[in-house]
Every structure is written in C-alpha cells, then in structure tokens.
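Two chains meet in the model below. Take a look at the place where they touch before reading on.

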Amino acid sequence: MTITVVPPAPSTLEGYNFAYLDEATKRMIRRALLKAVAIPGHQIPFGAREMPLPYGWGTGGIQVTASILGPTDTLKVIDQGADDTTNAISIRRFFTRVAGVATTEHTAEATVVQTRHRIPERTLREDQIIVYQVPQPEPLFRLEPRRMETKRLHALADYGLMHVRLYEDIARLGHIAKAYDYPVMVNRRYLMSPSPIPAFDNPKMHRMPALQLFGAGREKRIYAIPPYTEVRSLDFEDHPFRPIRAPHACALCGSRDTYLDEVITDDAGGRLFVCSDTDFCAERQADSAKEAAE
Amino acid sequence: MTGLTPGFADPALDAQASFRAVLEAMSRPGRIQRTGSSLHLPAPLGQATAAVLLALADADTGFAHDAGAAAEAWLRFHCGMPLVPAGEATFVLATGAPPALATLCQGSEEEPQASATLVIQVAGLAEDEGWHLTGPGIETEHRLRVDGAPEGFVAAWAANRAGFPCGVDVVLCAGDRLAALPRTVMIAEG
C-alpha cells in the first residue's frame with residue numbers, strides 16, 4: 001500500500017474560516033465599523049474575540065483587518081514604521097495563512113495597511129484603508145478612569161478636562177509635553193485618541209484620502225475617520241500645535257522631513273538617527289543609488 | 001417552502017465583497033458601488049438590497065420591512081433576523097415609501113450607534129448630477145441623483161441631521177448598485 005501525502009494548500013490553513021474569524025463575528029464587527037464611519041471619532045463597543053496572540057499585540061487591529069480583508073487585497077503591516085519587526089511579520093504571516101492574501105512591504109502596493117503606532121510617510125490614496133492598533137481608545141482615560149463618566153463627557157462634548165491637562169503642561173513646562181497619543185478633535189465633535197502615533201503624524205490624519213479604522217481589542221472599542229474629514233490636534237491660539245521630530249537627517253537616506261528613530265550604536269554614547277518608516281527609507285536609498293549610478 | 005432560492009454562493013467571500021461595497025459607499029457618500037451579486041430573488045428584492053442584508057443582518061439585528069411575504073420568508077430563512085416594529089429595528093427595508101426618518105431608532109447621545117440603518121430600494125442612482133452632497137468622506141462635493149427618492153426626503157434629512165450624533169444612516173439600492181448617506185452628510189437639492 002502506498003501512502004499518498006496530500007500537501008496542504010500552499011498558502012491557506014485548513015480548518016479555519018476565511019480570515020480566521022467566524023461569519024457572525026465578522027458581521028458584528030462590520031456593523032460596528034459602518035456605524036463608526038457614520039459617527040466619525042465616536043468609540044463603539046464591540047464583542048472582541050480572543051485571538052491567537054495576546055492582548056497588546058494588535059488583537060483589535062487584527063479583528064478589524066480580518067473583517068474587511070478580501071482575497072484580492074494586498075496587506076502591509078508595520079510596527080513603529082518597520083515592516084521587519086516580530087509583530088509585523090507575525091501578523092502578515094497570520095493573514096497569509098488564514099486568508100491567503102498577498103502581502104507587501106511597499107506602502108504604494110498595499111490596499112490595506114495595518115499599523116502599530118505610525119502612519120506611513122508616503123501619502124495614502126483613496127483606494128487604501130489604514131487600520132490602527134489601539135491600546136487605549138479613551139483619550140480621557142488618564143483624567144477620568146470611569147467609563148460611565150467619560151461616555152457622558154463625550155455625549156456632552158465636554159472636553160474641558162483635556163484642555164486643562166494641556167494647559168497645565170504649558171504652565172509648568174512652557175509647552176505641551178505630549179509627544180505621542182496627542183488628542184485630536186474629529187469633525188469638530190468628538191475628542192479622539194489617534195493611538196500612540198507620534199504627534200508628528202497627527203497632521204497626516206487631517207483630510208486623509210484613505211479611510212482610517214481603529215481597533216482596540218482589550219478595550220473592545222472600534223472607531224473610524226472617514227476620508228477627507230477634519231482632524232485637528234488640540235491646542236491653544238497662543239500655543240499652536242507643533243509636530244515634533246528629532247532635528248537630524250536620516251543616517252541612511254538623508255531625509256530631513258521624516259520621523260526618526262534614535263539608535264544607540266555602542267556603549268560610549270554613540271548614536272544615530274534613521275527613518276522610522278523602513279519602506280520609505282529603503283525607497284529613498286534606492287532612488288539615490290540609481291541617481292548616483294546614472 | 002417551495003421556491004426558496006439560495007443565498008450567497010460563497011457565504012464568506014460574497015459577504016465580504018458586499019460589506020466592502022457598503023463600507024466604501026458609507027465612507028464616500030454619493031459614490032455608487034456595485035455588489036456584483038447575481039442571486040435569484042423573490043420580488044421586490046433587488047440584488048444590492050439582498051446583498052446588503054445577507055452581509056449584515058442576523059439574529060442580533062431587529063428587522064422591519066414592507067417587502068411582502070415572499071421577500072420576508074427569503075430574508076428570514078437566510079439571515080434569521082427577528083421582526084420588530086420599525087421604531088425598534090436595526091435594519092429597516094423600504095421597497096415603497098419609507099417610514100419617516102424621525103420615527104426610526106436614532107440612538108442616544110451616549111450611544112448614537114444604537115440607531116437604525118434604513119435600506120431604501122429606489123428606481124435608479126446616478127453620479128455627477130442631482131443632489132449636492134458635502135460632509136465627511138467628501139473632498140469638495142459629490143453629486144448623486146436618486147430616481148424615486150422618497151417625497152420630501154431632503155427636508156426630512158436636514159431636520160433629522162440636527163440631532164447629530166443621533167440619527168439614521170441610509171443605504172440606497174438600485175439593482176446591483178448602491179450608495180449610502182451616513183448621518184453626517186449634508187444634502188442640497190440640485
């Protein structure tokens with residue numbers, strides 16, 4: 001007797017529904033997403049499922065991605081701007097296995113970009129969707145820990161607490177000392193946490209041509225910003241919002257207008273600054289190499 | 001149960017495609033999307049109408065409609081949604097004159113998402129003419145012509161919009177085409 005070994009399908013994992021989640025869960029998330037788009041910046045509770053990775057690793061983003069992803073999509077996943085970190089690779093591989101979708105590291109080729117804490121430097125287009133992984137969706141959480149109370153504050157659009165918080169920074173330090181997770185007003189109605197992206201990225205959310213979806217798995221909240229929607233970083237007339245970046249050029253591509261990571265190189269205080277967006281940096285390096293060759 | 005026709009050929013992928021059409025329509029109000037479905041449907045259900053409900057409605061969503069017994073049997077067999085009065089429904093389907101927006105579930109100030117989605121089956125949809133739409137999702141202005149729009153809809157819409165963040169979201173379906181009006185959109189007559 002010969003044993004025929006049937007190799008598993010090259011890409012997808014047997015025994016799972018397309019994109020891992022069952023259809024009832026997807027419908028529930030999809031309904032939440034549609035209401036989220038209709039009420040820009042408003043947090044909508046949803047029944048987050050346990051995912052095969054721990055909270056804090058992007059379970060909210062993964063569930064949103066799983067609910068929107070189709071077989072023709074091309075997925076890019078970044079973790080702090082990088083395509084090659086453990087989290088980004090794991091999530092890309094997860095969707096390759098459970099949905100068989102194509103993945104890419106190039107922002108321009110992606111139809112869905114799932115991100116942890118960065119917005120790609122390359123401007124997103126109308127035919128792209130960006131999914132943010134959100135650890136804490138409630139912008140008022142550190143000021144008012146009671147959910148019932150923050151819900152009421154959102155209903156009343158009473159955001160004085162946050163203004164006082166920013167004012168206290170100015171009074172104590174002379175400037176607003178929030179470098180990431182800098183609160184924004186969406187469509188002049190809802191105060192929203194942009195997820196812990198650097199404040200440098202906040203202006204990219206304003207009137208972005210792409211749809212922006214946010215998923216918080218542990219906190220079980222979904223929210224969204226439709227395309228071309230006004231997103232303003234909170235500030236004061238005499239202390240306008242300023243996006244901050246390290247005042248250096250990228251050590252690899254020389255860029256002076258991208259967000260930089262500081263890399264410690266030795267024990268003697270040596271350090272260098274490189275682009276946080278690895279795809280953008282690699283493209284610039286390739287471009288300048290091509291120019292040099294010509 | 002004679003004559004009950006099948007739902008989506010591929011429940012997972014067809015639902016995904018239909019949902020993405022609605023998501024795209026909701027994100028860019030006035031832009032027409034296609035569901036691309038080819039279902040055998042009892043009258044008066046249209047392709048897009050059926051696709052939207054198959055993709056989104058289930059036992060968790062109260063449903064009200066005016067589509068008649070055959071459509072009801074088909075939808076309830078495939079989606080299993082409970083029938084409730086229109087004022088309590090998550091999805092309201094109108095194939096004829098829809099109920100007044102103000103009578104539908106609007107949500108509350110704290111939970112504006114607990115509101116109705118009204119699916120209206122209209123005669124036709126066309127871009128670049130008719131209503132002028134502005135608001136989130138629209139770069140400058142989108143135009144949408146709705147053939148067979150409910151009478152007095154634009155005025156009723158403006159009145160209901162004043163309740164934001166409470167409100168009702170509308171999906172307009174014509175054949176296998178659909179467009180959406182989230183509660184944020186402003187409509188001016190063309």
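What follows is a short walk across the interface of chain B and chain A.

The model is predicted. Start with the extent of the contact. Chain B brings 40 residues to it, and chain A brings 40 residues as well. Together the two chains bury about 3,300 Å². Carbon and sulfur atoms give 59% of that area. On chain B, three residues stand out: B:Arg28, B:Glu110 and B:Gln113 supply 19% of the area that chain B buries against chain A, more than any other three residues.

Six salt bridges are counted between chain B and chain A. One of them joins A:Lys151 to B:Glu111, with the closest N and O atoms 2.7 Å apart.

Which helix of chain B gives the most to the side that touches chain A? It is α1(B), with 12 residues. Both α1 (11-27) and α2 (47-56) of chain B supply at least two residues each. By class, this side of chain B has 20 nonpolar, eight polar and 12 charged residues.

Now turn to a helix pair. Two packed helices are described by the angle between their axes and the distance between the axes. Helix α1 of chain A (residues 23-38) and α2(B) have axes that come within 8 Å and cross at roughly 115°. From α1(A), the contact uses A:Arg27, A:Arg30, A:Arg31 and A:Leu34. From α2(B), B:Leu54, B:Ala55 and B:Leu56 take part. Sorted by class, the residues of this contact are four nonpolar, no polar and three charged.

Terms used. Residues are numbered from 1 along each chain as its sequence is written. Chains are lettered from A and ligands numbered from 1 in the order in which they are written. This is a predicted model: local features need pLDDT of at least 70, side-chain atom pairs count only at pLDDT 80 or more; totals for chains, interfaces and linings use all residues. Side-chain values use heavy atoms; hydrogens and water are left out. Contact means heavy atoms within 4.5 Å. Buried area is the accessible area (1.4 Å probe) that two parts lose on being put together, summed over both. A salt bridge is a side-chain nitrogen of Lys or Arg within 4 Å of a carboxyl oxygen of Asp or Glu. Helices (H or I, at least four residues) and strands (E, at least two) are DSSP runs, numbered from the N terminus. Ala, Val, Leu, Ile, Met, Phe, Trp, Tyr, Cys and Pro count as nonpolar, Asp, Glu, Lys and Arg as charged, and the others, Gly among them, as polar. Axes are lines fitted to C-alpha atoms, for helices over the stretch in contact, and angles run from 0 to 180 degrees between N-to-C directions.
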